[in-house]
Each structure stands twice: as structure tokens, then as C-alpha cells.
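Here is a short report for someone meeting this structure for the first time. Keep the sequence and the 3D view open as you read.

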Amino acid sequence: MADLIKLTAAEIAAKIAAGEVTAVEVTEAHLARIEAVDEKVHAFLHVDREGALAQARAVDAKRERGEKLGPLAGVPLALKDIFTTEGIPTTVGSKILEGWIPPYDATLTKRLKAADVVILGKTNMDEFAMGSSTENSAYGPTGNPWDLTRIPGGSGGGSSAALAAYEAPLAIGTDTGGSIRQPAAVTGTVGVKPTYGAVSRYGMVAFSSSLDQGGPCARTVLDAALLHEVIAGHDELDSTSIDAPVPPVVEAARNGDVKGMRIGVVKEFSGEHYQAGVMQRFNESVELLRELGAEIVEISCPSFDLGLSAYYLIAPSECSSNLARFDAMRYGLRVGDDGTRSAEDVTALTREAGFGPEVKRRVMLGTYALSSGYYDAYYGSAQKVRTLITRDFEKAFEQVDVLVSPTTPTTAFPIGERADDPMAMYLADLCTIPTNLAGNAAMSLPCGLAPEDGLPVGLQIIAPAMADDRLYKVGAAVEAAFTARWGHPLLEEAPSL
């Protein structure tokens, strides 16, 4: 049973389909792993033991009846606690939604269930997805399985940690400024931000609506592709959903090859903020791509240097609007409603008690940026920068097929090191934010360990909108080459929990 947790999602699904193992056995093995290690890791906020076993039994019954099983039937998954799940708590890592039980499933949740994926539970995250370390969760931080004293990335650190700790072979994250890719980079896993609008946001609690995007997290490129195919596709319930076929991501992942491709190295993604070991592993990755037959081209995208500033005006502005709904009147926490206070007083007391410091900081910043007399100077200017960044991408993709960069400037930093320095924390998303502002697709996958600290480094691949298959084509080629060079997947070097 212990060996089951080390298998890839594709291997697990194949064994279940062949009758070599039951979905219940697979689910029980992962539940046992969660019970054994999650007290130390704290990847999960809620484990749905009975629900997971019921889903697994349904998969086994299907197989016994001779029904055809999907490519991920019976495979366990850890779901970020930002997607609504009927009958299961959804907190978004916040006290303001503590105890809230949604009456409906998000579209993504429905698609997982329809594909017979077994949802183990809900994972920890920075409150309302605001953060880069999972330290902003109202329920305490998550540890990085490589070193439990360090962060697992954020906001989706619970999902990435669950993968790295072998608590689940698949996970779901969301990416507003890098919250799938940055956690993947620092935990030695694979994370993909699909094209904006490719995965439905219906039932995903909103942070910044023009940036938020759900996506797949896994330990291998193929597993991420299989999950991507399950969750992507048009949804009439999401007005920003793209009505177009899902790119052939699984086919691309099975046929990784970069021969003849033009790959751009972004000049702006280097400099004083970048750890030496991260740049060393990135440069080795570029040379590997060259050896595999790609043509390497240096690309300059000057507006990328403005991405961080634009993001921290646009995202807080949208968050201040989205979070206005948490007013103690409709759902969630209610404080001070003793019959003597006005509705305004109850709302103020509830938001004071229910929101954490980072959420309050961003709401105030966003409200100020949108206020009369400042809108054009701040939010309006940030949107103009966003247009410049989009144009830089368009020019770049006229010259190359994909762009590559480090995913994050440093490896995982110690828990608490940047807690009192928001600007230092924000720099973790330096390389990932431009992609969100433009709506393109991007992936992070492991490219080695930094020599200074022995911690994972991520390689970021960026593709044009609706060319998500290019991520998997390049990612699969890099993954195969590195695995052959190392002699094993990178995660096998992680210390045992």
C-alpha cells in the first residue's frame, strides 16, 4: 500500500482500470499518508474521508460493471480551498468564512467528480489567495516537505505541499500572480496556469477577477496535462470563459520535443534580486534546451519591469470590490449583532475580526486607488502598463514559440523571514506576474536543486494564449532529459517525512 502513494496519476489510473488495484485501496493509502504526516506539513484544512471513500467505491463499482473508466478515474486529488464544494467547508483560508458549507459545487469541482477523480479534501492557502508563502492563512502556515521550517510557496502552498509530501498525486491551484507556479517551483513539483478563461471560474471565490485562473498541479508533466484536460473547457456560467476547443495538451505531453523550436530567454528576468543558484540552474536549463535542438533567442520585454507595480494596483483594486460582499449580512461570520448595533457597525466589526492583516492591507490599498481623484493616476495608469506588457508579449511571440525564465528569484525562504516585509514578499512573484496581466499560459517544472541550500528551483515556460499545448511539449522534453540526467525524478531527493 505504501508504494501506491509514489505512483504517478497516470500509473494509478492504469492499475485501477486493469483491476490490479482498487480505487478504495488507492484512496485508503493516501488517507493513511495524510494521517501520518499532515500534522507536521499542514497541507489540508479539511479531509473528507467518507466522501473520498464513497467516490472510490463508485469507481470500483463502475469497473466491476464493465463500464469504461476515464483517464483519471479513481485518482486522488487535493483541492485548493477556494473552490466551492457542496456539503464540504470552503473557507478560502479566512476566518470570515469559517464554518460556511456551500450549497453548490464549482464548475471545476463538478468536472472533477464527473471524471471520477477522488477529492480527498481541501488544502490550506493564503487568505483569499493573497500571499506568496501560505503564511497568511487564518489557520496557520503550511510547511515545505523539503524543509518544514520553510514556506511551500503561496497562495496555493497547501496543494503543492500535498504533492511533495505524497499525500496526493494531483492537486488544484489558482494563479492570480503566480500562485500555482511559485509553489510548484519551491516544492519541486509541476504547476500550470492555463490561458485566462480556459478553466471556469464559476464557484471559485474571487480575489482579482481579471487575473484569477484555476489550473492543474502534479508531480509530472503528463499528470498535469491529464488533469488540465479534465478541468478545461467552455462554461456558460462563467462570462469570461473561452468558447474554443481545449488545446491538445495530453498529446503534447506524450510527445515532448523541442527540435526546431525557437525559445526566447527574457532579458529582464535576471539581476540583483536573483539567487545565484537559481540562475545557475536556469542557465543549465537553457543549455539543455539548446542541446535538445532548440534555437535560443534573447528577448527584451522592457515593460516587464513595471509588472509588479501594475499588479499591486490592479489586484488590490479588484479585491476591494470583490470582498465588499463579505458584509456579515448574507453568509459567513457575524460579529456584534446583539440588537443594539446598526448594520454598518456589525459589518465593520465582522470585517475587523474576519479579515487578516494582508487582506486588510490590500482592500485599503485598492479602495484608495479607486477613489475619486486617484482612479486615473493609479488604476487607470496600471491598466495602461498592462497593455504595454501585453504588447511586449505579442512582439516576443512574433519571434519565438515560447519564452523561458526562472519561475521565482529565490528558493523557498524560512517561515517568518518576510512576514513583516510585504515588499520583500511581493518580489517572489517578479517573474510570474506579467503572464497573469497578459492572460497567457505558463508552466513551472523542476530544473534541479540550488547548490547553496539544496532546495528546488523552477523553470518557467510561457506560451501565447490558447497555445497551452506548447507548454507541455517543451515541459515534457525538459522533464525527460533532466530525469535521464539525474537518474530519477527530483522529488526522490527530498528528505523523508
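The report below takes up an annotated site, a helix residue and a surface patch.

## The model

This is a predicted model.

## The annotated site

The UniProt record, an unreviewed entry, carries the annotation "active site". That annotation covers Lys 80, Ser 155 and Ser 179. They span 100 residues in sequence. Yet no two of their C-alpha atoms are more than 11.0 Å apart, so they gather at one spot.

## Lys 80

Lys 80 sits in strand 2, which runs over residues 76-80. Its relative accessibility is 0%, so Lys 80 counts as buried. Leaving aside residues up to four places away in sequence, Lys 80 touches both of its annotated partners, Ser 155 and Ser 179. Other contacts of Lys 80 include Lys 122, Thr 123, Met 125 and Ala 129. Gly 156, Ser 159, Ile 172, Gly 173 and Thr 174 are also among the residues that Lys 80 touches.

## Ser 179

Ser 179 lies in a loop. That loop runs between strand 4 (170-174) and helix 6 (181-187). Is Ser 179 buried or exposed? Ser 179 is buried, because its relative accessible area is 6% and the cut-off for buried is under 20%.

## Thr 350 in helix 11

Thr 350 belongs to helix 11, residues 343-354. Thr 350 is buried, with a relative accessible area of 0%. What does its side chain reach? The side chain of Thr 350 reaches the backbone nitrogen of Val 335, at 2.9 Å.

Val 335 is also one of the contacts of Thr 350.

## A nonpolar surface patch

Now the surface. Tyr 104, Tyr 202 and Leu 237 make a nonpolar patch of about 270 Å². Leu 237 is found in the loop between helix 7 (221-231) and helix 8 (249-254). Leu 237 is exposed, because its relative accessible area is 51% and exposed means over 50%.

Terms used: Residues numbered from 1 in each chain as written. Predicted model: local features only at pLDDT ≥ 70, side-chain atom pairs only at ≥ 80, totals over all residues. Heavy atoms only, no water. Patch = residues over 30% accessible without salt bridge, like charges linked within 9 Å, V, L, I, M, F, W, Y side chains within 5 Å. Areas by Shrake-Rupley, 256 points an atom, 1.4 Å probe, with all protein chains shown as cover. Salt bridge = Lys/Arg side-chain N within 4 Å of Asp/Glu carboxyl O. Helix = DSSP H or I, 4+ residues; strand = E, 2+ residues; numbered from the N terminus. Buried < 20%, exposed > 50% of the residue type's maximum accessible area, 1.4 Å probe, protein only. UniProt positions renumbered as here; feature names shortened; annotations may be inferred. Contact = heavy atoms within 4.5 Å. Polar contact = N/O pair within 3.5 Å; in protein donor to acceptor, adjacent residues only side chain to side chain.
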